[in-house]
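Reader: Could you go through this one with me slowly? I would like to ask about side chains as we go.
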Amino acid sequence: MPKKKLLKKIMTGAVAFTLVGGAALPVLSQQVPVIYAAEKGITPFTDVPAGLYAEKHIYRLSLQQIVRGYENKATGEFTFRYNNTISQEEAVIMAIRFAGLESKLDTTGLYIFQEGFVVKEDYKPYIALAFEEGLLDREEEYANAAAEPEVEWGSKPAAREWVTKLVIRAIGEQEKADELASVSSSFADKDQIDSKYTGYVNAAVELGLVKGVTETTFAPQTAINRASFSTILSRAQKEFPIEAQGQHYGVITNLTETTITVYEQGRETVYELDSTTGFYSNDSDFAVKKDQFKLYTDVALIEVNGVAKFVETQSSTPKTNELIAPVGRVNTAGNIIYVWIDNNPVAIPYDETAVIKDSAGNKLTVGDLKENSKIRIIRDEFRETPKVISIELITEGEEATTTVTGTYVSYVQSNNMITIKTNNGLVSKFLAKTPTITIPNVKHATLDNLIANADTVVLTMNAKDEVINVSIPSADYKTMYLPTIVSHNGVNGLITVLDASGLHAEALFITDATRYLLDGVIVDLKHLSSDPIKWQNIMIRYVETGNQKQVVYFDMISEINGIVKDVNYFDEIIELQLPDGTVKELKYKGATIESLTKKDLTYMDLKEGTMVTADLSSQDGSVMKFRLNEVYQMSVSSVSTLTKQVNFKHNNVTYSVLFDEAEFVDASGKQVAFSDIKTNNSVIVNFTGQRIVRVIVQ
């Protein structure tokens, strides 16, 4: 097996390798040829257009030298041919580079393979190394080649089941594949999966690495194209970061129009920014704006000759802490401020880089910090010895906050001002440096997600009258879970919708302000290859404005929470009470049941009152899997500040989740910062099946 040291351990459900166009989601344009505008993108390849779904991933892999493209000798230009299927020998080369094994290549050796096993001469060292390192099984691949003598093994298009095995072996999960080799696949076309790949497909599904081309089918023989395979290897790096020349992981300490400063392994480095710099987020396939990057947050960066080419934010949470305390005394000679904490003097060292200011932002000196005056100290959490970033003199009433409610009108980035319309007219406020944006049921919300003249928002201000939070009250929305769209007028956007029970109808308008989501994450409609109106499982949130009911959020979902009301075992139909109280009948033929602790469950275990999460088919809306909701009291066993992985222990068993993959709240339901999670914290962990979805920190 590959001996590459992985920096992170894979966690169930944390990465979805979409060899597909997406199981429970509308298919993003991946496998089929798509015509794009001719505008060249940021990659070095002339045929990869700006905005291509895989542009980010191809750019990353090109900088890491995992993909290199095809050179036109006459012009010196390179193309990628992203819509072409990838051959088996090409997939092996990329896997070798991804696993960090290319340095082991012996290009001087003489490689002789079994007769009929045909590989391009230049590719032979890679195939031989793949055999040696265990990425490929020599005898199995010889047998594969012998079974299709009319097809050259190397140039054969790589099939989904074959690629799945290659990926599982590349990440070192052979043992899991062996354990699951005799387990029947959950896909309806499982009979089409070659038995020698069953364990790998099961392992990949269990680890959250692959999904089906639909909710029910895996299409194991379908070939994968170069863009999709690049996307796989790039997304994998969220959990398997690789070593590459010029690649760095650190914390942003400064960001200007032309430079970014990153703290890494005890020192700060300044990198240039230019027109070839791409800005990305690790939870999106598409480019983001530079202003989404916050100081003192985690970042991944690839630089070439001092220029940052690929910059990816890893978190939106600054690695800083705040201390508010009265001043005891100031030792200017020793650069130490003593503050009172629990009636004890505590020394706070500072240096000349610390910004000292008053509540209005005016520059001060340490001499302005008088005894017993209250100060706010911001320190970093990523250096071995925390460094003071800023010291703010708090004026009387500084900690007080006020709120104002109104309809969102606009946000002007140039002056950092938000405007709302209240009963008394327009109100404009400046935003604080790092305001929080809270939109119910929307993940990773930003100001761009607010809907002008539709959203009712609450602005929370500090004593300087700066907005520190923008939130949308959830009560302003009416929600329909799993409704059916009866009709759609494409001219005026009118849709007629029946609720889940089929007894109540609504006439709703889809407008230019309607936001489309995939399982709670806002997406651009132009990136979807299927019509959302035709999507099987949806959740609609709408508001009443004037004489119209307008759709605010059109969410295409892959799962639904509910309470079992009744089960018809003969017809295989279950009645679920949805979150809005309506009762929906769902077919469940062939559905599996997943539980954290219980084994060998049957449909008889789906008793009235049982809380479940149902994974839904995108084809007919039937239930593909029931995940039982279970709650356990646990304790935090360890926390990784590098990966933001939180580990819990219960009955000598360890469970893990990434901080950004679950909801962390306190007993009152308020969100908890990652820095507040400490070892030995007592927590209540909510599971749906084997997936952690919510953690209550006590």
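Reader: Is Asp285 buried or exposed?
Author: Asp285 counts as buried, because its relative accessibility is 15%, and buried here means under 20% relative accessible area, with exposed over 50% and partly exposed in between (1.4 Å probe, protein chains only). Please keep in mind that this is a predicted model, in which local features need pLDDT of at least 70 and side-chain atom pairs count only at pLDDT 80 or more, while totals for chains, interfaces and linings use all residues. Residues are numbered from 1 along each chain as its sequence is written, and side-chain values use heavy atoms, with hydrogens and water left out.

Reader: Ok, and which residue does Asp285 form a salt bridge with?
Author: Its partner is Arg235, with 2.4 Å between the closest N and O atoms; a salt bridge is a side-chain nitrogen of Lys or Arg within 4 Å of a carboxyl oxygen of Asp or Glu. Asp285 lies in the loop between β6 (278–281) and β7 (298–304), whereas Arg235 lies in helix α8 (residues 226–235), so the bridge ties together parts that are 50 residues apart in sequence. Helices (H or I, at least four residues) and strands (E, at least two) are DSSP runs, numbered from the N terminus. Arg235 also counts as buried, at 16% relative accessibility.

Reader: What does Lys290 pair with?
Author: Lys290 forms a salt bridge with Glu257, the closest N and O atoms being 3.7 Å apart. Lys290 sits in the loop between β6 and β7 and Glu257 in the loop between β3 (247–255) and β4 (259–264), so this pair ties together parts 33 residues apart in sequence. Glu257 counts as exposed, at 67% relative accessibility.

Reader: How many salt bridges are there by this rule?
Author: The count comes to 27 salt bridges. One of them joins the side chains of Asp351 and Lys387 at 3.8 Å, N to O, linking the loop between β11 (344–349) and β12 (355–358) to the loop between β13 (374–380) and β14 (388–393), 36 residues apart. Asp351 is partly exposed at 25%, and Lys387 is partly exposed at 23%. There is also a network, in which salt bridges that share partners join Glu559, Asp615, Arg627 and Arg691.

Reader: Switching to rings, how many aromatic pairs does the search find?
Author: The search of the whole structure finds 21 aromatic pairs. Rings of Phe, Tyr and Trp (its six-membered ring) pair if their centres lie within 6.5 Å, and planes under 30 degrees apart count as stacked, over 60 as edge-to-face and the rest as tilted. Tyr59 and Phe310 form a tilted pair, because their planes are at 55°, with the centres 6.5 Å apart. Tyr59 is in helix α1 (residues 55–63) and Phe310 in strand β8 (residues 307–313), 251 residues apart.

Reader: Where do those two stand, buried or exposed?
Author: Tyr59 counts as buried at 4% relative accessibility, and Phe310 is buried with a relative accessible area of 1%. An edge-to-face pair is formed by Tyr632 and Phe687, at 6.2 Å centre to centre and 75° between the planes.

Reader: Which rings are linked into a cluster?
Author: Ring pairs link Phe113, Phe117, Phe131, Tyr142, Trp153 and Trp162.

Reader: And which charged residue lies over the face of Tyr70?
Author: That is Arg81, at 3.8 Å from the ring centre; a charge sits over a ring if NZ of Lys or CZ of Arg is within 6 Å of the ring centre and within 35 degrees of the ring normal. The charged end of Lys644 likewise sits over the ring of Phe674, 5.3 Å from its centre.
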